[in-house]
Protein chains: 2
Amino acid sequence: MANGSGEAPQGLAAFFAPRGVAVVGASAEPGSPGHQIVAQLQQTHYAGGLYPVNPRAQEVRGLPCYPGVLQVPGPVDLAVVVVPAPVCLVVAAQLASRRRQRGDVAAAVVVSGGFAETGPDGRRLQEELVRTLRGAGIRLVGPNCVGVADGHTGLTTSFDLGPYPPGGVSVLSQSGAFVMSFLHWARPLKMVGLCKLASVGNMADVTLTELLGYLADDPCTRVVGVYLEGVRDARAFVQAAAEVAARKPVVVLKPGRTAQGARAAQSHTGSVASPDAIYHGAFRQAGVVRARTVLEFYGTVRAFERLPLPRGDQVAVLSAVGGPGTVCVDEVASQANLRLAQFSPPTRTRLQAVLSDIAAIGQPEGYVDMTGSLTARTHGDALRILLADEGVDAVILLTPPPTFLEEEEVARHVVEAYQEQPPELRKPVLVVLTFGNAALRARRVLEAAGLCTFEFPEEAAQVLARMVEYAQARARLGVSPGRPPVGKADGTSRGDAGVV
Amino acid sequence: MANGSGEAPQGLAAFFAPRGVAVVGASAEPGSPGHQIVAQLQQTHYAGGLYPVNPRAQEVRGLPCYPGVLQVPGPVDLAVVVVPAPVCLVVAAQLASRRRQRGDVAAAVVVSGGFAETGPDGRRLQEELVRTLRGAGIRLVGPNCVGVADGHTGLTTSFDLGPYPPGGVSVLSQSGAFVMSFLHWARPLKMVGLCKLASVGNMADVTLTELLGYLADDPCTRVVGVYLEGVRDARAFVQAAAEVAARKPVVVLKPGRTAQGARAAQSHTGSVASPDAIYHGAFRQAGVVRARTVLEFYGTVRAFERLPLPRGDQVAVLSAVGGPGTVCVDEVASQANLRLAQFSPPTRTRLQAVLSDIAAIGQPEGYVDMTGSLTARTHGDALRILLADEGVDAVILLTPPPTFLEEEEVARHVVEAYQEQPPELRKPVLVVLTFGNAALRARRVLEAAGLCTFEFPEEAAQVLARMVEYAQARARLGVSPGRPPVGKADGTSRGDAGVV
């Protein structure tokens, strides 16, 4: 994957799997940006060539440092540039020279700010930067960005991502903070496996639209999350998103529902404000899922990575805790595209056989309150029965870390019932552990086994509604339900193959 | 506070500050409910008498164990009962005898299930239990409940609450899981200080309504959170909530917006289903704040404990991160009762002086994007300027754990700017640290200093909207804005005295 000595990568692949990376502006001073990027590439075990470039350093973190890009020996497909904005133009000219001489350097990430986001002078600098690079056939991500990362090759231009579990989630973002926030949030419980990341900054050359097109064909990307503030050509973006959505889920978080939000977006990314309604209607029609909040975005993206698509809208809620169970039922019933399941008579009989006499089965339809009188095994038994009912398309299971049961044992029984399902017929199970950090051990077991865990009942219901929304759009658009025609991930991702 | 040797507590106070507690069904077997409750009372440093009762044990956790409640020597104001349901009736008779002979035992918590929630037989048992206790003048919380706890006296009947920071939050709940969930969730960052907790279970005697009345007069309760599924006399409940809300904030989470949610609530607590709209309208009118989600409930309750009430609806959003800042502005603008502030000309000038040239000030009005070019001190300086503007009633500050700044130093500058405000004129500051667990150190500093931290931008905007809603209701109802007439908390609570 790391493309250490193979062929030159084609097109945008140079950003994610370069044979070698030059870090221009690499620094021996710990804590500086140019130092951090080199440190990150060492820590993520990026296997390609790593070449610090800085005329004032001999060595950076044990690596020989080159005075300029022209002096770097091995193939360099990607240059990461962290020098002051005016110096970036000098560097761009050197990159262009190198490309003309050596044929490599197909891609550049300019991390530095000080361009169009600062006013007319910066805009002129940026235009010149693009002109120089484009003239030599070098593509640019940025400037003013976190840049790119690839969970499989270990390539990263971030200051602080660190080693990240590889997987099927690719994220495109018009905010570096947004995408880093997501990954840092998901890291402790390994709730997300990273495929590709691109924080596009000022988007002077490579656009969100182009990256979407690239991810459509990327076999290891199983779901694309996009943080969108606005793009010049909204029509092209929506069209590209629709094409990806026909193959794999696309989840978008887009502020700008209000005039003030749109104004903030404009001052942040300089994005041209197309009316929000244009995006909204087009997304719906194309099966592009729009998350309403950051937390819903997080949950929906990771559910699409992990879980199979529901084949229908019939939801069973299975709870060991009355209050949170009630809240969940209320939220499921509030979602326009979810229905509480109708249990078959055999399902009721089988549930009665494994649950205590005081459990409430089907009050209302689709809901099982197991009550506190239960064992670890009961969780798995009841889940197994619900998953076997043809009238159930998905299960939300709610459980606290039980005071009198072994938390990890409960989790293992749930995992067993989930994994026993034949892979091609697997139904999604969303597990709500309502005690936050107190249930970390159970969450770890469940996440490691490919299930999705949540802290709040409403969160699980909303995420499931977004999954059903996507499944329904696929059916409406004539794509075979539940099995998008994308290739299998490369096996480094944990858990269920999901929609693959 | 622990009432170790003083006067007998009056009325419901026997549940929270008893001179002595008998644990009937105490057990020497670790892990059993009767063992856990004794262990909890030892761990929370409850200072009153602690008397295990069990005819089959000599000693429980180093304490002498008595064969029956009649044999307990010291004053026993509260009996906690954890024995099988039929045995509860025998115990109730003994408690009644003791009360007639000794005059103590004013209160009983029956933790055990097996009563009305199980059917007609259980209902008959429950009726007899209440008859026996009431006949002797003993009040009952439960049966089938977590029971009560008091963060100040250390009294607890829970299996697993453990020592909890004392404070101004009291919670009443028709779900034990719900209230325990809240406290376990808040514990790691000490986001909540506990005053009184009551999980009412089957509510056979002491009701939510009566407890609300009790908390209205409780000087250390600064905010009351209620998880409500439904009560027999909705009118009386709403009336009681309105009376509390005239003095201190009441936050309610009530599922049952949908018919299915109402049905689940009914099967859980046997609550009579009054139409949801009855509660909803009455709450609005009375200034009882209704949270829409569990997370919003959590956030709103703790904000009321910590922060002063906003004196108006004008919000400034101060962000170090463009994307999350944009999301926050969008959410603030979406809230019907929030407005983005209009900065005064001096505020703009002063912000320009401390921020970098590329910071975006007032785009849109009320929003400051500091951009990445800033120091730890800048956070405090900009916050100070906004808080000094008369057109700003509250500030939402968004910041990630900065890669190139010291996280705790950023937090300390924010704390300094917040605490410099004269206490009686203090404006609320809600801090969003968008990187979840990655920002734990900053969150710890901020929470310990009495600020409220959040993971998500929308969360902070929604919580602030609920605070403004309450402040507006108080103004409408003629209560002096921002300063409810409740006594000051007893000083053990951290942070700002808030609405006191």
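**Exercise: a residue in a loop**

*Solution.* Some ground rules come before the steps. This is a predicted model, where local features need pLDDT of at least 70, side-chain atom pairs count only at pLDDT 80 or more, and totals for chains, interfaces and linings use all residues. Residues are numbered from 1 along each chain as its sequence is written, while chains are lettered from A and ligands numbered from 1 in the order in which they are written.

- Helices (H or I, at least four residues) and strands (E, at least two) are DSSP runs, numbered from the N terminus.
- A residue is buried if 20 or more other C-beta atoms lie within 10 Å of its own, exposed if 12 or fewer, and partly exposed in between, with C-beta atoms placed from the backbone.
- V105(B) has 29 C-beta neighbours inside 10 Å, so it counts as buried.
- Now check the backbone: phi of V105(B) is near 50 degrees, a positive value in a residue other than glycine.
- Most residues other than glycine have a negative phi.

**Exercise: another positive phi**

*Solution.* 

- Look in the loop between α5 and β10 (194-199) of chain B, and you'll find K190(B).
- Count around K190(B): 15 C-beta neighbours fall inside 10 Å, so this residue is partly exposed.

Which strands of chain A does β5(A) pair with?

*Solution.* 

- Two strands pair if DSSP finds at least two bridges between them.
- Strand β1 (residues 20-24) of chain A runs parallel to β5(A), with four bridges.
- To get from β5(A) to β6(A), the chain goes through helix α3 (residues 85-102) of chain A, making a right-handed β-α-β crossover (with the strands pointing away from the viewer, the path from the first strand over the helix to the second runs clockwise).
- Finally, the side chains: L78(A) and V80(A) point one way, A79(A) and V81(A) the other, and all are buried.

What kind of peptide bond joins G142(A) and P143(A)?

*Solution.* 

- Omega is about -5 degrees, and the bond is cis.
- P143(A) belongs to the loop between β7 (139-141) and β8 (147-150) of chain A.
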